[in-house]
Amino acid sequence: MKKIILLGYMGCGKSTIANKLSKIIQMPYVDLDKCIEEKANLTINQIFETFGEIYFRKLEHEIFVELLNAPEKCIIGLGGGTPCYANNHELLKGDHVISIYLKASIETLFNRLQFNKSKRPLIADKNEEEMKEFIAKHLFDRSFYYNQAQYKVNVDGKTIEQTVADIVDILA
């Protein structure tokens, strides 16, 4: 086992689950967005504002490929949009990766995101109805890419521990 890739929509629990999984299987967790911010010396928001989305997606792809090609074993948490650009979804199928889609319903995502939406620029200014519609449309648009993952783990109604246990079973 070389690289474990966790993907899914914002709010599905990628970071939380990756941190817990990292401790259990003794493998470092790398957050792709944090790597991008360190490399660019800017926040994701600043990169978008200063250089635009195309620049960001190019940088995101380059750093994702670098992480995949690095010799160290690790868990990589992708940004919600990562699989949808630059043919990144093709990288989820390699022999040297185990890709896992953390699948959550619109309701689960809405319930999780509504409490800290101010930290999420894409939804910060949306009311409840707009937010549900935004999540539903995004999930529909991205489902093809998310479903390229080798495994799907449903997170609805599960604790972090239950979801991590499901992933550990996949890895066994």
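In what order do the five strands of the open sheet run?

View 1. The order is E2-E3-E1-E4-E5, with parallel pairing. Strands here are DSSP runs of E, at least two residues long, and helices are runs of H or I, at least four, numbered from the N terminus; two strands pair if DSSP finds at least two bridges between them. Out at the edges stand E2 (29-31) and E5 (151-154), and because each has a single partner strand, one side of each is left without a neighbour in the sheet. This is a predicted model, where local features need pLDDT of at least 70, side-chain atom pairs count only at pLDDT 80 or more, and totals for chains, interfaces and linings use all residues. Residues are numbered from 1 along each chain as its sequence is written, and side-chain values use heavy atoms, leaving out hydrogens and water.

**View 2. E1 beside E3.** Strand E1 (residues 3-7) pairs with strand E3 (residues 74-77) in the parallel sense, over four bridges. Look for Ile 4, which sits opposite Ile 75 in E3.

**View 3. Cysteines without a bond.** Searching the whole structure turns up zero disulfides (a disulfide is a pair of cysteine sulfur atoms within 2.5 Å). Take Cys 12: the closest cysteine sulfur, in Cys 84, is 12 Å from its own, so that is too far for a bond. For Cys 35, the closest is in Cys 74, at 8.4 Å, again too far. Cys 12 is buried, with a relative accessible area of 1%, and Cys 35 also counts as buried at 17% (buried means under 20% relative accessible area, exposed over 50%, partly exposed in between, with a 1.4 Å probe and protein chains only).
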